[in-house]
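Here are a few friendly notes to read alongside the model.

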Amino acid sequence: MIIAALVIAVVAAGLQFTSPVIPNPPVTGEFKGPAAVTAIFERACYDCHSNETSLEWYDKIAPVSWKVASHVKDARQRLNFSNWDSLSATAQLTTLWYIVNMVDQGKMPLESYTAVHPSARISKTDVDVLKQYVVSLTNARPVAKPTVSVPVKALAAEHELPFPVAPSPNGITYFSDYKSWKVITSSNRFDNGTMRIIYGNDIAVKAIQENNIHPWPNGAKIVKVVWDKQAEDKDGNVFAGDFNNVQFMIRDDEKFKDTEGWGFARFSTKKLVPYGKTASFASECINCHRLASATGFVFDIPTK
Amino acid sequence: MKMKYCPIVLFVLLATACSREKAPAPAPEDIYNSEGLTVITSSFNSSRQTMSTLYGNAAALKAAGDSIHQPGEDYRLVTWKQQSHPLWFGSNKNGAVTTVERITITVAADGKPGIDYELVQGKPADLPGRKERAKFILAQRPSVFP
């Protein structure tokens, strides 16, 4: 027994020489916001999502330290508050909404982290502070003059486009027969000023009807058409304005297994320019869609 | 023996209780059966907290928003309650259907096109007069689709 304990002790001590050091590179342009907001980010996010990582002694013991180092590396790549100014103003706002939603759903900070760093927990009050902050930032943005929809009736009625559309980098090609599918839900967003109609093909509609969405069946297709909002009229009505983009989700659990079985594509502006330079663009899509894991990674299905 | 499982059961219960993931229940009954009609346009009303989609047949899609109408045009304005998106703070989405209104262009007694308004579903008290509603529906212009 004593020998076994000694061996374990020696191995554990030896492991410490392999323990990685997490460097803190210089802070180049950090996030600046109201004190209450900055305090929440510093307390709950900065250990992994900044160049100001401050570890506890127990984070530095191998083999835990290996996992911590790899987490910090990944986390900084995804979001780094120390290089915040490297994002455009639009990307900063989009990222803030994403952060608020990750926190609101309890996906961040990670439970495995808060379990050993309880001071990093984010309370309901903290979430409300963050929500108020993003809403105020969004409302403070200069509002572009709303464009009134100029209908292109010929295009609306036809299923054939008068110009060629390049495929998405993952091979998904644009199709327009969704206009004869059922609308499964519609939404309007106060974070980015758009409104949407979401169509589902028969397989998708049947999956919703049978609550067969964990996972969704192969062949399910969902198409979301996005418009900018027009200005509100005197009675409070807001109509769809300019066409913004159209987004596809195609279910094929083999072909798209790296993105939870969903193939994503987005075609923007009336010219339908595909989004993404390489097929890896879809990892951005699924990272956000993981917030909708409760509904099979689809945000917009009809819900109670 | 039974006591041995208690910590495991407790752990599972705790783990489930701690999970904050929201799992909204699907509501397939909120999908409107458009019966071959296509979307003309969509809107929401911030004061009434409702969302609407105007559907129509091919003739309606062609004439929507115009001042001249022809017999055979068939429009449905479906209105849902608006609710906060359960999975994304920053978005609203439709809830349950509140009203379905239908307009058909018919041939009136004098041989000219007539406007027939029908409240297919919902309470009339929710809406202003038929004439106003017909005017509101027929004024909607088609959205730009790719």
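1. Strand β1 (residues 182–189) of chain A runs antiparallel to β4(B), and 3 bridges join the two. Strands pair if DSSP finds at least two bridges between them. At Arg189(A), the bridge partner in β4(B) is Ser91(B). Strands (E, at least two residues) and helices (H or I, at least four) are DSSP runs, numbered from the N terminus.

2. A word on the basis: this is a predicted model, where local features need pLDDT of at least 70, side-chain atom pairs count only at pLDDT 80 or more, and totals for chains, interfaces and linings use all residues. Residues are numbered from 1 along each chain as its sequence is written, with chains lettered from A and ligands numbered from 1 in the order in which they are written.

3. Between the chains, 58 residues of chain A are in contact with 45 residues of chain B (C-beta atoms, placed from the backbone, within 7 Å). On the chain B side, β1 (38–45), β2 (50–56), α2 (58–63) and β4 (91–107) each give two or more residues. The largest share, 7 residues, is from β1(B).

4. Within chain A, the axes of helix α5 (residues 89–104) and helix α7 (residues 124–140) come within 10 Å and cross at roughly 155 degrees. Axes are lines fitted to C-alpha atoms, for helices over the stretch in contact, with angles from 0 to 180 degrees between N-to-C directions. α5(A) and α7(A) are therefore roughly antiparallel (over 145 degrees).

5. Residues of α5(A), including Leu93(A) and Trp97(A), meet residues of α7(A), among them Val127(A) and Leu130(A).

Terms used: Two residues are in contact if their C-beta atoms, placed from the backbone, lie within 7 Å. Angles under 35 degrees count as roughly parallel, over 145 as roughly antiparallel, 65 to 115 as roughly perpendicular and the rest as oblique.
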